[in-house]
Amino acid sequence: MQPFMTLAKKQVVYSAFVIILFMILIARFFYLQIYKQEQYFKASERNRIREITVEPNRGLMFDRNGEVLVDNYPSYSAYAIPFEVRKADSVLNLAGRILDISPAEIRSIIARERSGQFTPVKLKRQIDFKTISLIEELRLDLPGILYQNEPRRYYPSGIRAPHLFGYLGEVTKSELNQPEYKNFRLGDIVGKKGLERYYDSELRGLRGYQYVEVDAYGREIKALKDKPEILPVPGRNLHLTIDAPLQRMLEARMDSLQGGAVVVDCHTGGVLALVSKPDFDPEIFTKPVPVEVWHSLINDPRKPLYDRMVQSLYPPGSTYKLVLVAAALETGSITPSWKAFCPGYTWMGRRRFDCWNINGHGESDLLQAIEQSCNVYFYKLGLKVGLDHWAHFSRIFLFDKPTGIDLINERAGLVPDRAYLDRQFGKDQWPKGLIFNLAIGQGDLLVSPLQMARLAMIIANEGVYRQFHILNYLEDPLTKTKKPAQVDSVRIVGVSAETFKIIKQGMYRVCNGDRGTGRAANYRDITVAGKTGTAQNPHGDDHAWFIGFAPFEAPQIAFCIFVENGGSGGRNAAPIAREIIKNYFFRAKTNDDKI
């Protein structure tokens, strides 16, 4: 019987099998070592090399005289490297006991927030020294668990100013979609509000990196000499225009009120003090905010998270009469000697409009009407000027534009012109008596307190507006080089020097005239000029306003005080201006005397 396969044939088959086997091995070798070389080399390096992020120091904030307003406090957060802890139940159990987080929650955090197998995921912020000690002590049993430094703020000056300074928080998933956060990862700390948000890119600095070799268990063996450490670059310091003593005084003075105040340097536009009340303790946001605390803040009917100076719009009341005066003089509607009689009221058709003084002011000329803030005079003046001129001069004084201050979410005002009223009431269907309300700063007119401070500055400077700014200059903490803030200056076109002089004279009489409504703003030999306002509020008590500047002869500061539901501006806002004058000029004079 002939065998199934001869020996020679068997040799051929075996040889072919071996050749094919070797070809497969060679192909696989080529695939792994040549074609996929870069990919597997990187994976190998990632297993061998651990990149440790070193967070930079966040820039500090100083007041105009170098007092530290916002500083840093050492703080650490715990992280997990997903690749190293993915199957290590014992590590998760031990880390959970140390961090007081269940292993299931740790897995959930990692699954929710990881951005790569080797990118650390933050497990818990601001762990204490005892926790750090335990992680260090049990490091061999906690491969893939580490801690890193992150910025935490504190406020050594005693100034709260949470709306001004803002606060820090973790970047959100939605923020990561924005171009400015393209190099960020979940858990990174960024500015959320105020100056922290506006100057976040300057304050943040650049991360540093350290590279260490680790073993198969994730334990650090040594620093890599061929991959040197990259040092972090600290963020730049903000030197502000804020005057710390004035800010402290104003915060304390308004602590029991709702509203705010702003004081600005007439020569530069630098903000000397900016307060919004009620506010909240900024320390709340230096650590993870408990849910119940957050709910108490957002459900507080006084709305402490709301920045009333920048984000709010209100009717300005009689402070806005100054805009009507400018319109009246510039359009030739009246001369300063034009008079109107006030019996305490006037009529528009069958509707009666009252003056705030129900006994009437009698016959008044322009300066007397400003001094006493006579509503009837301005009702009649509004009719002579007309809506179109009034709206035109409102825009000349920039009430349709924000001030451009270096804070986020600033709102522009609402100037109701003919087009607006046609939209609201129908073409030419709006009531003609509406000009009465606008003439005294009521109706649909809305402004922000910052805009009113801008009006005070423009009048003080007789037409020149220096853009409001809080930053004085940026400072590199390493080289000490300074970069001054770039601010614009605008000259108002369309209002003559003569008109500004008349308006200033009227504001002088408000604070210094025998029947002036703002006499409570005066202090010693500093001559103040201002304008009171008591704005009707359909939702509650009247709002109190006072705007002004000082000294009258050579203005240095301009200000706006606003007290929500504060009643009379002359009684409740003007006295705060007096304390501003006392604090700022008395202290300045004392310093001059010492020199």
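This is a predicted model: local features need pLDDT of at least 70, side-chain atom pairs count only at pLDDT 80 or more; totals for chains, interfaces and linings use all residues.
Searching the structure for disulfides, I found zero. C266 is likewise in no disulfide, with the nearest cysteine sulfur, in C560, 13 Å away, and C266 counts as buried at 0% relative accessibility.

**Aromatic rings.** I searched the whole structure for aromatic pairs and noted 24. In one of them, F280 and F285 have ring centres 5.4 Å apart and planes at 70 degrees, so I recorded the pair as edge-to-face. F280 is buried, with a relative accessible area of 5%, and F285 counts as buried at 8%. I also noted Y584 and F585, an edge-to-face pair with 5.1 Å from centre to centre and 90 degrees between the planes. Returning to F280 and F285, I saw that they form one aromatic cluster together with Y167 and W294.

**Arginines.** I found R352 over the face of Y345, at 4.1 Å from the ring centre, while the charged end of R454 sits over the ring of Y465, 5.6 Å from its centre. Last, I located R125 in the loop between strand 5 (121-124) and helix 6 (129-137). R125 is buried, with a relative accessible area of 13%, and, leaving aside residues up to four places away in sequence, R125 touches several residues, including Y76, E150, E170 and K287.

Terms used
Residues are numbered from 1 along each chain as its sequence is written. Side-chain values use heavy atoms; hydrogens and water are left out. A disulfide is a pair of cysteine sulfur atoms within 2.5 Å. Buried means under 20% relative accessible area, exposed over 50%, partly exposed in between (1.4 Å probe, protein chains only). Helices (H or I, at least four residues) and strands (E, at least two) are DSSP runs, numbered from the N terminus. Contact means heavy atoms within 4.5 Å. Rings of Phe, Tyr and Trp (its six-membered ring) pair if their centres lie within 6.5 Å; planes under 30 degrees apart count as stacked, over 60 as edge-to-face and the rest as tilted. A charge sits over a ring if NZ of Lys or CZ of Arg is within 6 Å of the ring centre and within 35 degrees of the ring normal.
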